[in-house]
Amino acid sequence: MPTVACPDCDGTARRRDPCRCTRYGDRLLTVDAGTATDPGGPREPYRACALCRGAGTVTTACHRCGRKGRRRAQLVLTVANLDTGAVTSRRVGPDDLDPRPDPAGGWTVDLTPWVAGLAAEAGVAAIVDPLTVRLPAAWRPDLPAAERHELAAQALAAAARPAWRVLVGRSVVAPPVDPARRLDRLCALADLLLLDLVVEARRHDGNLSWAVRYEVPGSPVPDLPPTAGHADLAAALAGTDVADALAGLTERGRDAPARMLRPDPLRPLIPAASDVARVARRLRADSAGRTGDGGLPGAQAIWRDGHWWHTGLRPGEPVETLVAQPTGQVARLTRTPLRRVAEPPDPPWLGEPLPTRPCPACRPASTCPCRAHGRPADGDCAHHHRVTGVPAGWRSALTCATCGGTGLMHQTALITLTDLRHRVVHLAWHAGQPEPVTPVDPGPGGPPVIRLPGRYRLGAWSAAFGVRPEDLAEADGGHPLPPDVREGYLALPRADADPVGEQIAALGPALPAARLLLTAVPPTAPPLTELLRLALGLDLALLVHVLDLRRHPVAPMRAHGVLWAVDLRPPAAPIGPDDLPDRPSLAAAVAHCLECLDVLLPQTVPDDPRQPVPAPRAAPRPLPPDPVPELRRLAARHAGRPLSIRFTRAGHTVHRHYDDGIRLVSEAGGLGISG
């Protein structure tokens, strides 16, 4: 197995890097290096540094090689077909590379045709992303063979992150996305959910980067451009479905003003009839500015209340923030936010502002940074901060878990439930609203628990959408609702506490404009047998974790029903005590596993770089027998105890979790379950 010494640690498995304090020098209050007022570059260490104790360097384990000192000079390409179970692979070693001159200079190896060939062999219809390996600048075709081999090995080691590239696809390629229809759907959903759909073109490295997202009306322009920006609007729409547009809504709307929603149920939704090319032309023109000299940082088209509103983006006033550093220093950070040239008018469904109260958990800094580390107060502090009290702009690097960093707690929660098609329900919960509650026995030694009436039991609304209560999930991220919030159970911190106010706080910190968007959509996932066939074809273990709590003693504040989790592991990987089910349905567990394949599969690569990466191959095969009915019966026989069932090519094993460890219940050579 070819390996090379890790270039990041020179094979020592440990790195000695400059300490973070050298960015700022021997100063307590600093300016962030690299800003317009600071040239950056290395400086002398901070003598009172909490990390390096003034040495200027820190020694850390090398994460690039996993503390091994060497890196694997091998790449394995694999393509798997979910429809047929066919799997093909090809190992790429230093001697397999066929370098070609790069027009930009140097030598590269294009592995894209290799992946395309594997896809054709496995019958996968997919668009293969470009995959190239760039050789070191010292590589030349006239070098001795040993030197060429060593340089090629270094190139492969750099490209082998991850060392196993797996493309999972189907026999028929999905139809291409129609940008106009996608934009119309996103606009219609924005009107249904009372959100803004923002189409943004932002200048980045001289080019416009395009993004499409949902925002709460009144949200400020995000500081950073989209990390996954697209080259044009059509590509942005093709790569942004409803879930993508909703992702990050909570963070973007953290500082949006919270106002009451007043939807008009008789107002018809106006079809967008979008002209993608026209919207793109207008954004390009707005980002160029009126004079065209240099242009603006970007532009936005905002779909609000059935209309497009266009505006350019301009730099706002610089904002200075003091942030505590782990070195013990305080960095003065300056950023220039973007502002809209013109704000669209408020929609008619936006009502009065919602009440708030100060966050009880936030505790501002009590001293100026000049008094850090027990120093005496400096009455002539050059930074004009108060010796006692809160310095202007001072904040911790950590975010308050109670309010999400806003410093305010909403006294009203606005809940929106939708099927993401045409049905929506808007609810409003107000703190201080007197409600009849039902006392619930939490069990011996538990705090007093009450249950709120029906309108506060979100799970009861699922019947209106034809789904199970367990199918309700947050629109931003798809996280399932906790069972206590879903069913209206609440543990009161004290006897005189406000039940509705406590339930609002339990919904989570920093709701965007006091809004919680929930989807009532059953998870869409293939049957477990498809994932099982994929795992067997890749020569991996499929782990199914299940816990049946249907006959468990009533615990209103805890999960109930049948919980599931599905995972892919190396065949010999041990089962740990943390391998517990946490998804409310098997379909949700399978969908989550498929969504995380790009993370799960690279984690199955052997840690030891001297061990080769497996290159699995499998011929098309029928689906294996469905194990789900027996899994359910097995979980019912072991009700109240988590089970972990491992499926491999060699057979299956059943493991039961106990308080003192995990024990093997049964094993067999086939896929039929017993135990």
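Pro263 is partly exposed, having a relative accessible area of 36%, in a model that is predicted. The residue is found in the loop between strand E14 (259-261) and helix H7 (276-288). Although Pro263 and Leu350 are 87 residues apart in sequence, their C-alpha atoms are 7.9 Å apart in space. Leaving aside residues up to four places away in sequence, Pro263 touches Leu194, Trp349 and His426.

An open sheet of 3 strands has the order E8-E9-E10, and its pairing is antiparallel. E8 and E10 stand at the edges with a single partner strand each, so one side of each is left without a neighbour in the sheet. E8 and E9 run antiparallel and are joined by 2 bridges, and Arg100 stands opposite Thr108 in E9. A salt bridge also belongs to this region: Asp102 pairs with Arg134, and the closest N and O atoms are 2.2 Å apart. Asp102 lies in the loop between strand E8 (100-101) and strand E9 (107-110), while Arg134 lies in strand E10 (residues 132-134), so the pair ties together parts that are 32 residues apart in sequence. Arg134 itself counts as partly exposed, at 47% relative accessibility.

The buried residues of H2 are Leu151, Ala152, Ala153, Ala155, Leu156, Ala157 and Ala159.

Side chains of opposite charge can pair when their charged atoms come close. Glu200, Arg202, Arg213, Glu215, Arg340 and Glu343 are linked in a network of such bridges. In another part of the chain, Arg633 and Glu630 meet through their side chains in a salt bridge with an N to O distance of 2.9 Å. These two residues are 3 residues apart in helix H13 (residues 628-637), and they are therefore separated by about one helical turn. An α-helix has 3.6 residues a turn, so residues three or four places apart point the same way. Glu630 forms a salt bridge with Arg637 as well, where the closest N and O atoms are 3.4 Å apart. Both arginines are partly exposed, Arg633 at 46% relative accessibility and Arg637 with a relative accessible area of 47%.

Arg656, which lies in strand E34 (residues 651-658), gives another case to examine. The side chain of Arg656 does make a polar contact with the side chain of His638, at 3.0 Å. Not counting residues up to four places away in sequence, Arg656 touches His638, Arg641, Pro642, Leu643, Gly661, Ile662, Arg663 and Val665.

A buried strand comes next. In strand E31 (residues 541-548), 8 of the 8 residues are buried, so the strand is largely enclosed by the rest of the structure. In a regular strand the side chains alternate between the two faces of the sheet. Both faces of E31 are covered, with Ala541, Leu543, His545 and Leu547 buried on one side and Leu542, Val544, Val546 and Asp548 buried on the other. E31 runs antiparallel to strand E32 (residues 562-569), to which 8 bridges join it, and the bridge partner of Ala541 in E32 is Arg569. E31 is also joined by 5 bridges to strand E33 (residues 643-648), again antiparallel, and Val544 stands opposite Ile645 in E33.

H9 is followed by Gly508, whose phi is positive, near 125°.

Conventions: Residues numbered from 1 in each chain as written. Predicted model: local features only at pLDDT ≥ 70, side-chain atom pairs only at ≥ 80, totals over all residues. Heavy atoms only, no water. Salt bridge = Lys/Arg side-chain N within 4 Å of Asp/Glu carboxyl O. Helix = DSSP H or I, 4+ residues; strand = E, 2+ residues; numbered from the N terminus. Buried < 20%, exposed > 50% of the residue type's maximum accessible area, 1.4 Å probe, protein only. Contact = heavy atoms within 4.5 Å. Polar contact = N/O pair within 3.5 Å; in protein donor to acceptor, adjacent residues only side chain to side chain. Pairing = 2+ DSSP bridges.
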